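Welcome! Let's take a friendly look at a protein chain and at the partner it touches.

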Amino acid sequence: MNEFIQVIVSGILIGGIYVVVAMGLSLMFGVTKIINFAHGEFLMLGMYAAYFIYKFLGIEPYTAIFIITPLFIVIGMIIYKLVINPIVDRKHEIQIFATLGLSIVFQNMALFLWSADFRTVNLSYSTATVSFGDITISLARLIAFLAAAVITAAMLLLLKYTYVGKALRAVSQQNTAAELMGIKVKRIYLIAFSIGIALAGIAGALLMPVFYAFPTVGAYFSLAAFVVVVMGGMGDVTGALIAGLIIGIVESLSGFYVAAELKEAIYFVLFIIILFIKPNGLFARKEAK
Amino acid sequence: MILDVKNVSKRFGGLWAVKNVSFSIAENEIIGLIGPNGAGKTTLFNLISGYFPPNEGQVLLNGEVISNLPAHKICQKGLARTFQLVRPFPDLTVLDNVAVGSLARYPRLPEALKKAEEILEFVELDKGKKRFGSELTIAERKRLELARALATEPKVLMLDEVMAGLNNTEVNEMLKIIRAIQKKNITLVVIEHIMAVIMSVSDRIVVMNEGEKIADGIPKDVANDPTVIKAYLGEEELDLA
Amino acid sequence: MEFLKQRGKSFPMVAFFAVMIILSFIIKNGFYQHIFILTLFYAGMSSAWNIVGGYAGQLSLGHAAYMGIGAYTATLLYLKMGVSPWIGIIAAIIIAAAVSALISYPSFKLHGTFFAMSTLAFGEVMRIIANYWRGLTNGSVGLSIPFKPSLAHLMFEERVGYVYFAMIFLAVVLVISSRIKESRAGYYLNAIRENEIAARSLGINTSLYKLYASVISASLAAVGGVFYAFYILYIDPSGLMDSAISIQFTLMAIIGGLGTLWGPVVGAILIIPLSEFMRAWLGGVGQGLHLVIYGLIMVVVVIVSPGGLINGYKVIIRKIKKIKA
């Protein structure tokens, strides 16, 4: 029983990171209707950014978020202007391949610049654990989870109460109507994309103390994020929150009770099943056709 | 009766988009289907053409129940339709667009292409048949959509606002085509918003409001029907000239 | 007249293969021969993908799985039971067709990007299974085929034998593609790609035709997989079934012209030699550099010329005709 709870808890902890990655992806999709196949690569870049900031400036990854966030917003804006803006109104295949191309570029750029070596950051508390009764948790993972929770809460508040947040939601529901109301849709696209990229970068920083950085690490997390986004309902940021935790738990359980190598296959199968039976997400409200 | 609509209803969530509608169409009639915006005309079209099944009721084509069939089967049985928001295949040529329709009756491509040419001539769209669907004007798109549906050689053809957005000359050309279609022994159901136009061309008018049928008769009677006038009053000035 | 028209249509095909045969006599250098074989092979794979991805517009990103199914089926039959790969081809077709029918039918409910994502996940699941099922596939260690040249073993002493086999593979795929394109099925698949609702209203059983395209496409990809296994003589899940390979089939068709007969061939002729030469030239500079450039080219081409090169050419021809007229 303890073992089971232990597995569930570690699933929730990793799920918190998935939430941050998936929220960005979901926000981008909701607003621009583009699925960013390069999302995982921004997470990978976030990990490397956190790694180098720690290595050269000695700033711990959790603090480095305050550098990474503005940095990735700028990167997001540049990528939006160069690649996303020309394809927002184009066909699916164009959008898929432009972002897939980006992911190939970033993955291999990382390989070229930083080699395929696994990089880790060793913090004083990297191996520390905390115990709650019989449950033992890695301190670094707990901090990562709490930071993820704070960022998630901040995102939800931003969406709910700020003008930008309202505009983002308006555009994601009805962009023509939003345009009529005087919202500059293209600017909202830019904002959504940059925030999404920043969230991927932040997730990378959160992961750095508990995971390795390597050029293809993004693929691993972005596929999990796709599953979360579809499960939560495309563009539904709150749905992503619940789905992220569920996927974390599913992954943890299947890794422990089935086989670690098969955990991806298990949530992919879950993903395909969800796509088939509930393409609008598990929590989709019934809508009139 | 070539088409029998019997007590059909369609519900979206808690809302009845079409409620207990019945009417019959005799062979070779032109029926006008009118009603204010949101009256349920297009939903009724979607029900009849198999886009989705009705919650209640039945549709019979030539005495055979078709309301449980998928859209492609209904087309093969001889009922074709156009869409209000036209959907020409943008990256296919005009000729190929129509050939897709002809292939329903003529599985061999050369024959289907020949039939498609004939239909394009019939709707006077044969010039520029090598252009792509996306290159056409609104009026041409509406005509292409009509041609494509016609190419499936239907017994009943349902037209959803084929004249909306056209100028006077284009409307008159379309009316000419509709009358010519009738001469080919095809029964027509026409949704139209421009009342004057539909009155002149229809043998009978069915009026819908808020999902229900409120009148059914020859154009003159319907135009003078107080319930019809009332239904339209909130919307715009009556244009029954 | 009709006869001449038919001849006119097959002329490009005859001319293309005549050039390929001449090239097979000219190219003697092993490295160039390898590039030649890969180009023909990828042209065939991309054309096979094009039947479902281009004609029917169902953007599958999991086709490497069918290639993997083909390669593993024939290799295992050969290694474990001594079955000739020629019979292996038939077995590969049957299994790939069955798997594609099983997976495609439900996935066609999905559209656009969602369909692409589901096929991407499908491909990954197949790769993970191949990796995990060690008893059968030997996992990530892979399977080696001992080199015993003979036609029955589909192995050739001279590399040029593989050139001809790849050429025949491409020819078969192209003939099937052009047959489909110039038939009711081709028109119906195009209609489905352009607008599924309108297609249904014109009497097209859209699910059936999509299934048909998918099964043919998967079967041909499986045949390609058999060829690949008996050319490289080594198969492993990540070399064979990686999503990057699926993406490459798709990319070639998109660059050359999605849904056109020759688009995938043009795409392969451009991309394969380019990426092989870049790998050879830039591989020494540092790992990954050639793929950075490859990715950049992909992004730029997709953004700048979204219709593919074949369509770009058609647009130019049309404009010239307009000016003349």
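Chain C has a secondary structure of 15 helices and two strands. Keep in mind as you explore that this is a predicted model.

**Overall shape**
- A compact globule of 325 residues would have a radius of gyration near 20 Å, and chain C agrees because its value is 20 Å.
- If you follow the C-alpha trace of chain C along its principal axes, it spans about 60 × 45 × 45 Å.

**Inside the chain**
- Of the 325 residues in chain C, 58% are buried.
- Take the contacts in chain C with a separation of 6 or more: 78% of them join residues 24 or more positions apart.

**Surface and charge**
- Chain C carries 23 positive and 10 negative side chains.
- The centres of these two sets of charges are 9 Å apart.

**Meeting chain A**
- How many residues of chain A and chain C are in contact? On the chain A side there are 39, and on the chain C side there are 41.
- Interface size is often expressed as the accessible area that is lost when the parts come together.
- Between chain A and chain C, about 3,600 Å² is buried, with carbon and sulfur atoms giving 83% of it.
- Within chain A, the residues that lose the most area to chain C are A:Phe97, A:Phe112 and A:Phe276, which together make up 21% of what that side buries.

How values were computed:
Residues are numbered from 1 along each chain as its sequence is written. Chains are lettered from A and ligands numbered from 1 in the order in which they are written. This is a predicted model: local features need pLDDT of at least 70, side-chain atom pairs count only at pLDDT 80 or more; totals for chains, interfaces and linings use all residues. Side-chain values use heavy atoms; hydrogens and water are left out. Helices (H or I, at least four residues) and strands (E, at least two) are DSSP runs, numbered from the N terminus. The radius of gyration is taken over C-alpha atoms; the globule rule is 2.2 Å times the number of residues to the power 0.38. Buried means under 20% relative accessible area, exposed over 50%, partly exposed in between (1.4 Å probe, protein chains only). Contact means heavy atoms within 4.5 Å. Lys and Arg count as positive and Asp and Glu as negative; His and the chain ends are not counted. The place of a charge is taken as NZ of Lys, CZ of Arg, CG of Asp or CD of Glu. Buried area is the accessible area (1.4 Å probe) that two parts lose on being put together, summed over both.
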